[in-house]
There are 4 protein chains.
Amino acid sequence: MKILLTGFDPFNGEKINPSWEAIKRFPKMIGGANILKTKIPTVFYKSIQKLEEIIEKERPNIVICVGQAGGRTDITVERVAININDAKIPDNEKNQLIDTPIFEDGKNAYFSNLPIKAIVKEIRKNNIPASISNTAGTFVCNHLMYGLLYLIDKKYPNIKGGFIHVPYIHKQVLNKPNIPSMSLKDIIKGLKIAVVTSIKFYNKQDIEFSDGKIS
Amino acid sequence: MKILLTGFDPFNGEKINPSWEAIKRFPKMIGGANILKTKIPTVFYKSIQKLEEIIEKERPNIVICVGQAGGRTDITVERVAININDAKIPDNEKNQLIDTPIFEDGKNAYFSNLPIKAIVKEIRKNNIPASISNTAGTFVCNHLMYGLLYLIDKKYPNIKGGFIHVPYIHKQVLNKPNIPSMSLKDIIKGLKIAVVTSIKFYNKQDIEFSDGKIS
Amino acid sequence: MKILLTGFDPFNGEKINPSWEAIKRFPKMIGGANILKTKIPTVFYKSIQKLEEIIEKERPNIVICVGQAGGRTDITVERVAININDAKIPDNEKNQLIDTPIFEDGKNAYFSNLPIKAIVKEIRKNNIPASISNTAGTFVCNHLMYGLLYLIDKKYPNIKGGFIHVPYIHKQVLNKPNIPSMSLKDIIKGLKIAVVTSIKFYNKQDIEFSDGKIS
Amino acid sequence: MKILLTGFDPFNGEKINPSWEAIKRFPKMIGGANILKTKIPTVFYKSIQKLEEIIEKERPNIVICVGQAGGRTDITVERVAININDAKIPDNEKNQLIDTPIFEDGKNAYFSNLPIKAIVKEIRKNNIPASISNTAGTFVCNHLMYGLLYLIDKKYPNIKGGFIHVPYIHKQVLNKPNIPSMSLKDIIKGLKIAVVTSIKFYNKQDIEFSDGKIS
């Protein structure tokens, strides 16, 4: 089995991006599966283009894209990506798309087909905080997740794919009072559990337990 | 022009629901338009059923459903509803739906067709904090919003509709330390601006400005 | 009876200071007492000096200093001021005092002698969120509160005095996502209740109820 | 050199207290100094009594008491303890003291005489978030810190002592949405740095840099 993991370039004035810091430290194999790692530019459309090139070339079975969610307290497994670009800040090539659809011929939204509940449950079992998120925002993270699920829908129906957001790591918040962070070690551990769980559930239904939000 | 406004029953141990507290105080006319007001039960499907009955009977031009988002700091205009029920708590009739689609034949998500950006801009102009939200959660608020937009998509294409979340009002947080709230007066004022703006943009495109979220 | 109320100049890039916005709108009399209002510069020592001049000249019975606590959700009645200057940012005359005592001959801390619990209770009774705070920070707010209580301790033993922090008002947070705020109207209402309660308890013991913090 | 470290019993429905989880895992020696470890009951006065017995018996050079500050994002080095008990919840023996002084003959407040700024700086240097706190609350943490500094002031002038608050550890927040936490490993690492720094500064002035709070 082949698993593609992606992290992002730093953006918004940060010097590092915890998603890539974590992914680049992954071993080449986990649980008998080959791990491919790619750094994705935090740029509208270029990000999706780069993802598509690697998917087309490598034909992975599972794709997990990872991004930074500064200010969140835990590892959040995204449930859904929506067909909108609405950038609060310019991307790394100064594009600031506002209220445009990502793909004109795409659905309004796509749901992750990773076992999102099982991933949350397994990460928590290992004493690392995790939860389901119902929004990946409207910047390049949601954009890439949408692009991945659009590609799966249109061209690669056998791929299991989704997106996981990770908090800032400690060194990013040393001068940001009251902003939560997680150690890189715990983030890597949590993401490895996500990989192993995705492999285990490759041909199985996700588990069901309540982890929704009231609002 | 006819405008239907809905608020919810109290839930989750609260004695009041600020959405209905606000809506029930609305006048019968605003800017020459007739205002209809309905209290919706915080119950899966019954909520949508009640909404549909009134829409079918009254044929409003605009429908704005309002709900409580405890813990948010401002009036949030929802952008999108997703086709999922995932209840963290039971609804008011003890149903706790987990990971079921709202309608099997519905789209993955529907976007509000209210002028959401114009509403945010106008509320802010009046010095009341407001913003776009990209998730209405996975409980009855998202459920009702999805139901409304599903009905618009399937049966009532001329209706403009969407959902607005309001914070707790002050008296709900007197014993909840560090939880933000807004005065009922400001909530009513903000919602009136939403109504007036929806009327004004009934046949116009929404304005464009950046109010997205990074994550 | 004579009551002195003070608010501060704007600081930290803000265009207004809600403390002065509130105080300057106070009437000349409340409950038979004369209200004196003074704007205090957000400057170390100059603030205390200006306060002392007015106290010396006017001999008020009660002094309530008010300041902005950006980020807090409610009206907070300060319990204690500590003998330290530790400025995170420069004051309005570019002084940035670090780890110096306010007065060498002062006590480590002074407790407010306003009826802080009664004030909190009465404000809440009027459905405005309020609580006791155990820190006024280490910038000019704590500095002025300390200065006031030092003066009471050393020279004006009959004065009742203390400090109240108020949240940002709405217009300050229109472009600050997720930061709580309160309407100026509610702030003024809360502060008036504080004044009336201080008069009522001028010769009485404060009430007792639990409003402490675990940490 | 002899160093006494204390942690607390669990309280407020928690099954563990991260302060004791951390302290009990400390080695017997650090940097040539002997480490003594004691678990303190989360009970008014009993806590101080137990602390005094050990101090009297062991005559440590440095005492660092550690407690849980649920909801904080980082390791916080307390600057000051105030002479008040105001319990929001009952302690572990059902005492709920409200607005009583800790010691009638004590000062209004005592400042930590640990090198608090150096500790914060050194912890941060090791990429663990830390900051100065200006309130230890009004429950048993502040109570014990006050008791320690009172004892130093009255009877043991050569002891260096103070208090450090640590966040929840991960397993405490698995079912507490949006509440920050830190890994036990990082907490232990941070506290060890605090010990080493306290030894290093035993006969030296603390460093000076700005780490105050506006409010």
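## A histidine between two chains

In this predicted model, a polar contact of 2.8 Å joins the side chains of D:His170 and D:Ser181, where a polar contact is a pair of N or O atoms within 3.5 Å, one able to donate a hydrogen and the other to accept it within protein, and residues adjacent in sequence count only if both atoms are side-chain atoms. The side chain of D:His170 also makes a polar contact of 2.9 Å with the side chain of A:Asp186.

D:His170 lies in the loop between β11 (160-166) and α5 (184-200) of chain D, and D:His170 is buried, with a relative accessible area of 6% (buried means under 20%, with a 1.4 Å probe and protein chains only). Leaving aside residues up to four places away in sequence, D:His170 touches several residues, including A:Asn127, A:Pro129 and D:Met182, contact meaning heavy atoms within 4.5 Å.

## The sheet of chain C

In chain C, seven strands form an open sheet with mixed pairing, in the order β2-β3-β1-β4-β11-β5-β10; strands are DSSP runs of E with at least two residues, helices runs of H or I with at least four, and two strands pair if DSSP finds at least two bridges between them. Because β2 (29-30) and β10 (130-133) of chain C each have a single partner strand, one side of each is left without a neighbour in the sheet.

Strands β1 (residues 2-8) and β4 (residues 62-68) of chain C run parallel and are joined by four bridges, and C:Thr6 stands opposite C:Cys65 in β4(C).

## Basis of the values

Residues are numbered from 1 along each chain as its sequence is written, and chains are lettered from A and ligands numbered from 1 in the order in which they are written. Local features need pLDDT of at least 70 and side-chain atom pairs count only at pLDDT 80 or more, while totals for chains, interfaces and linings use all residues, and side-chain values use heavy atoms, leaving out hydrogens and water.

Definitions and conventions
Buried < 20%, exposed > 50% of the residue type's maximum accessible area, 1.4 Å probe, protein only.
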